[in-house]
Amino acid sequence: MPSLENLNASNLVIWDAHVHIGRFRDFYFDPRQVALDLIQLGVQRWIVSSTTLCEGVNSFEESLRELDIMESVAPGCAIPFLWVVPGMISQLEHYIDPRFQGLKVHGRAHRWPPNGIALQYIAKVADERNMPIKLHTGGQLRCDAGIYYKLCHSNPNTNFILAHGRPVDQALMVLKKCPNVFVDTAFMPINDVAFLVCNEMSDRIFFGSDYPLDQLFYPGESLKTRYQNFFKELQTVVPKNVFKNNLSRSLFE
Ligand SMILES: [Zn+2]
């Protein structure tokens, strides 16, 4: 299998800003296998969060073990984001294990009032720890990209990633008004990515795949082939090398 590196001219690091491990419905995304797949694809660093935590705080220890497995297979490659679930709020600091480098909030899977005190509190904790926050967008009005404008705008020192950038016109509005906001391309239609590029947002787009969630929607297809095809397709609309290195520079420096 050709590595993604072969699709690119230089040797910069390829990041994937959106990867999952853990249990999800009837699926199990084996952290060992996910790490091996990404390495085989030529991805060097990835932001990962465990879907096991969707089930609630009782799954917390299990999610840490999954991260340890991934770390043992691919040392230093994974950048764990804590999937914050409502049951954590009263003791959020307790759950921010040193492994975590960012926080993830899923406003579709869980009811987080977009302008409520809980999200502002999460943003405050993230700010104190210099952590970026990834926000799932789309699928419900309560988590569409535009509804997070106030949250992003009122926390200018915190970087936010609008995962999926949905709907794209709202994502663009937030990007234009808030320099601390980025999108990832997980499950983004290619035309939406092209739209953001045309609006001069290239350096605010992170490559993200949602790997290996495609399993849910495209059973029987090769996930790795889908991954490569998506990456190749993105390269046709995004300036060369935009998906390399910018994630590290933008989020963690
Ligand atoms: Zn995801």
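Two rings of Phe, Tyr or Trp count as an aromatic pair if their centres lie within 6.5 Å. The legends below describe close-up views of a predicted model.

**Figure 1. Aromatic pair of Phe187 and Phe217.** Nine aromatic pairs are present in the structure. One of them joins Phe187 and Phe217 in an edge-to-face arrangement, with 5.5 Å from centre to centre and 90° between the planes. Phe187 is in the loop between β8 (181–184) and α7 (190–198), and Phe217 is in helix α8, so the pair ties together parts 30 residues apart in sequence. Phe187 is partly exposed, at 27% relative accessible area. Phe217 is also partly exposed, at 48%.

Figure 2. Phe207 and Tyr227 form an edge-to-face pair, 5.6 Å centre to centre with 85° between the planes. The pair links distant parts of the chain, 20 residues apart: Phe207 belongs to the loop between β9 and α8, and Tyr227 to helix α9 (residues 223–237). Both residues of this pair are buried. Phe207 and Tyr227 belong to one aromatic cluster with Tyr211, Phe230 and Phe231.

**Figure 3. Zinc site.** His18 and His20, each through NE2, and Asp210, through OD, coordinate the zinc ion at 2.1 to 2.3 Å. The spacing of these donor residues in sequence is H-x1-H-x189-D. His20 is in strand β1 (residues 15–24), while Asp210 is in the loop between β9 (205–206) and α8 (214–217), 190 residues apart. His20 has a relative accessibility of 2% and therefore counts as buried. Asp210 is buried as well, with a relative accessible area of 4%.

**Figure 4. Largest pocket.** The largest pocket holds about 430 Å³ of space. Its lining consists of 21 residues, and those nearest the pocket centre are Phe24, Arg25, His106, His136 and Leu213. Strand β1 and helix α8 are the elements that each give two or more residues to this lining. The largest share, four residues, comes from β1. By class, the lining comprises eight nonpolar, six polar and seven charged residues.

**Figure 5. Second largest pocket.** This pocket has a volume of about 230 Å³. It is lined by 14 residues, with Phe187, Met188, Asp214, Arg226 and Phe230 closest to the centre. Helix α9 provides the largest share of the lining, six residues. Nine of the lining residues are nonpolar, two are polar and three are charged. Phe187 is also a member of the pair with Phe217, and Phe230 is part of the aromatic cluster.

Figure 6. One cavity of 30 Å³ or more is found in the whole structure, and the largest cavity contains about 40 Å³ of space. Its lining is formed by Val48, Ser49, Ser50, Leu53, Ser63, Leu67, Phe81, Trp83 and Phe100. Elements giving two or more residues to this lining are β3 (45–50), α2 (60–73) and β4 (78–83), and β3 gives the largest share, three residues. Six lining residues are nonpolar, three are polar and none is charged. The charged end of Lys104 sits over the ring of Trp83, 4.7 Å from the ring centre.

**Figure 7. Lys177 and Tyr149.** Lys177 lies over the face of Tyr149, at 5.0 Å from the centre of the ring.

How values were computed: Residues numbered from 1 in each chain as written. Predicted model: local features only at pLDDT ≥ 70, side-chain atom pairs only at ≥ 80, totals over all residues. Heavy atoms only, no water. Donors = N, O, S within 2.8 Å, 3.2 Å for Na, K, Ca; no water. Buried < 20%, exposed > 50% of the residue type's maximum accessible area, 1.4 Å probe, protein only. 1 Å grid on protein atoms, 1.4 Å probe; cavity = no way out; pocket = protein on both sides within 12 Å on 5 of 7 lines; lining within 4 Å. Points joined across faces, edges and corners; volume = space filled by probe spheres on them. Nonpolar A, V, L, I, M, F, W, Y, C, P; charged D, E, K, R; others polar. Phe/Tyr/Trp six-rings, centres within 6.5 Å; stacked < 30°, edge-to-face > 60°. Lys NZ or Arg CZ within 6 Å of the ring centre and 35° of its normal.
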